[in-house]
There are 2 protein chains.
Amino acid sequence: MLVEDVHFRMREATAFQIGWKAMARNISDIAAMGGVPRYALISMGARPDLEVPFLDRIFNGINSAAEIGEINIVGGDTVIAGKLTIDVSLIGEVEKERLVLRSGARKGDLIFVTGALGGSMKGKHLSFVPRLKEARWLVSRFKINSMIDISDGLSLDLWRILDASGTGARIYEDLIPVSKEARSFAGALRDGEDFELLFTITANEAKRFFKSPVIGTGTPITCIGEITARSEGYNLIRANGKAEKLKPEGYLHF
Amino acid sequence: MLVEDVHFRMREATAFQIGWKAMARNISDIAAMGGVPRYALISMGARPDLEVPFLDRIFNGINSAAEIGEINIVGGDTVIAGKLTIDVSLIGEVEKERLVLRSGARKGDLIFVTGALGGSMKGKHLSFVPRLKEARWLVSRFKINSMIDISDGLSLDLWRILDASGTGARIYEDLIPVSKEARSFAGALRDGEDFELLFTITANEAKRFFKSPVIGTGTPITCIGEITARSEGYNLIRANGKAEKLKPEGYLHF
């Protein structure tokens, strides 16, 4: 659910971008489970002062993003609201053997991310292409133990995998890919809305990645650390070699 | 999508009722197509000042209504919003031969409604039981040509059937069941949120109804008129026998 002045500001986003983002973030969520998106329901709460062409452009954005997958928009609702509100419900399908959950990380797994992290709010969050191709490429070729899309920052979303899997992790400052738009390393660690894939696989399975650090779709992937026993905690190894405890900090809605 | 101060006011509805209504109106929609509800996604935009127990009671209402059908809540989203906003997306299933659309009304069909109409805003709209049992009873025993649930008033929702089917209709003032809560006949005709079933079947099929005016579930059904050729228009026959043109008036969101 995207709400005006919470997830976007009207003066900072075009109608097309708002619609695109509403659909794309849902596709990202299904991609991160290894699935393909299929059916969407769109509910819109529209301010009475918005013009119909503006709402049409929102739907253009929604429809364009829907073409990333083969998504049928099968229903929805349109109501009056005080703030522009768009809720996309997306149903996907996944082959049982390709389904990936947050809870499958195991001690010894290596941790990977696609793309580069941080600074999404400078623009990427409105126009990103969800990593559907990449996720399908991964789950059809490798045994992915756990996966999530980074929507609330690496630090918090990796913690979600650790929490669900009952493990710890160690990630390395000098391995984490920082985007050009990130203010700093802290941004790469904690900024929200990257919509990159974060996943873990056994070291053995990972050997094949190391041979081709750019995955089949052209998107770079980077190994940023490893899964450890829960008792070892959640650690960031700084560039100087010092370990630092990580807390699950990032973009929290509450 | 239910929005605070548009679809409900906090001081006039309990948290449980808000949740109940959000789910029940969706069940009503699927029932009116002959289907059974199966999977739900719940998105909630919550004001930051609302307490967690209040939100829990909303979910109690949603879950209780979900028990009317065998509905699995499979996902959703929770975000901050300026007004409490609840969007329920509901996926249903229907046997191909039982699917009923708005577009199937044919000249000569008789028009029926369940229950009594009008005055729902006095309370029924917060606690109604969607006509799922009744709809399934109907579609499994009779050939229902067209059906809709009355959410925006008889006058407007019957017009939707006529518009989709390319027909006219004649309904009779003295046949339309007026609820005790309706202010007047006009209320039965135009008040929204009745969530009763409105359906049409051939006169031949209807004979079986006339033998048992209370349908198998105990809910009264009433014949209120008949489908005519489009060229005859949309007419209300007053108790004094005079015909009056009907306009598609009711509760419109815009």
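1. Start with strand β7 of chain A, residues 167-172: this strand pairs with β9(A) in the antiparallel sense, over 5 bridges. If you want one residue pair to look at, take A:I171, whose bridge partner in β9(A) is A:G225. Keep in mind while reading that this is a predicted model.

2. Strand β9 of chain A, residues 221-229, also pairs with strand β5 (residues 110-114) of chain A, again antiparallel and over 5 bridges. Here a handy landmark is A:V113, which stands opposite A:T222 in β9(A). As background, strands of a sheet pair through backbone hydrogen bonds, either parallel or antiparallel.

3. The partner of β1(A) is worth a look. Strand β4 (residues 85-93) of chain A is joined to β1(A) by 2 bridges, and the two run antiparallel. On the residue level, A:L2 has A:I86 as its bridge partner in β4(A).

4. Chain B has an open sheet too: 4 strands, order β1-β4-β2-β3, mixed pairing. At its edges stand β1 (2-3) and β3 (72-80) of chain B, and since each has a single partner strand, one side of each is left without a neighbour in the sheet. In chain B, β1(B) and strand β4 (residues 85-93) pair in the antiparallel sense over 2 bridges, with B:L2 opposite B:I86 in β4(B).

5. Now the contact itself. Chain B puts in 21 residues and chain A puts in 21 residues. Why can one say that the copies meet through the same surface? Because 100% of the interface residues of chain B are also interface residues in chain A.

6. About 1800 Å² of area is buried between chain B and chain A, and carbon and sulfur atoms give 70% of that. What about charge pairing and polar contacts across the interface? The rule finds 0 salt bridges between chain B and chain A, while the count of residue pairs in polar contact, both at pLDDT 80 or more, is 5.

7. Which elements of chain B give two or more residues to the side that touches chain A? These are β2 (36-46), β3 and β4 of chain B. The one giving the most is β2(B), with 5 residues. Sorted by class, the side of chain B that touches chain A has 11 nonpolar, 7 polar and 3 charged residues.

8. Last, salt bridges over all chains: the count comes to 39. One to check by eye is the pair A:E4 and A:R47, with the closest N and O atoms 2.9 Å apart. A:E4 sits in the loop between β1 and α1 (15-31) of chain A, and A:R47 in the loop between β2 (36-46) and α2 (52-66) of chain A, so this pair ties together parts that are 43 residues apart in sequence.

Methods: Residues numbered from 1 in each chain as written. Chains lettered and ligands numbered in written order. Predicted model: local features only at pLDDT ≥ 70, side-chain atom pairs only at ≥ 80, totals over all residues. Heavy atoms only, no water. Pairing = 2+ DSSP bridges. Contact = heavy atoms within 4.5 Å. Buried area = accessible area lost by both parts, 1.4 Å probe. Salt bridge = Lys/Arg side-chain N within 4 Å of Asp/Glu carboxyl O. Polar contact = N/O pair within 3.5 Å; in protein donor to acceptor, adjacent residues only side chain to side chain. Nonpolar A, V, L, I, M, F, W, Y, C, P; charged D, E, K, R; others polar.
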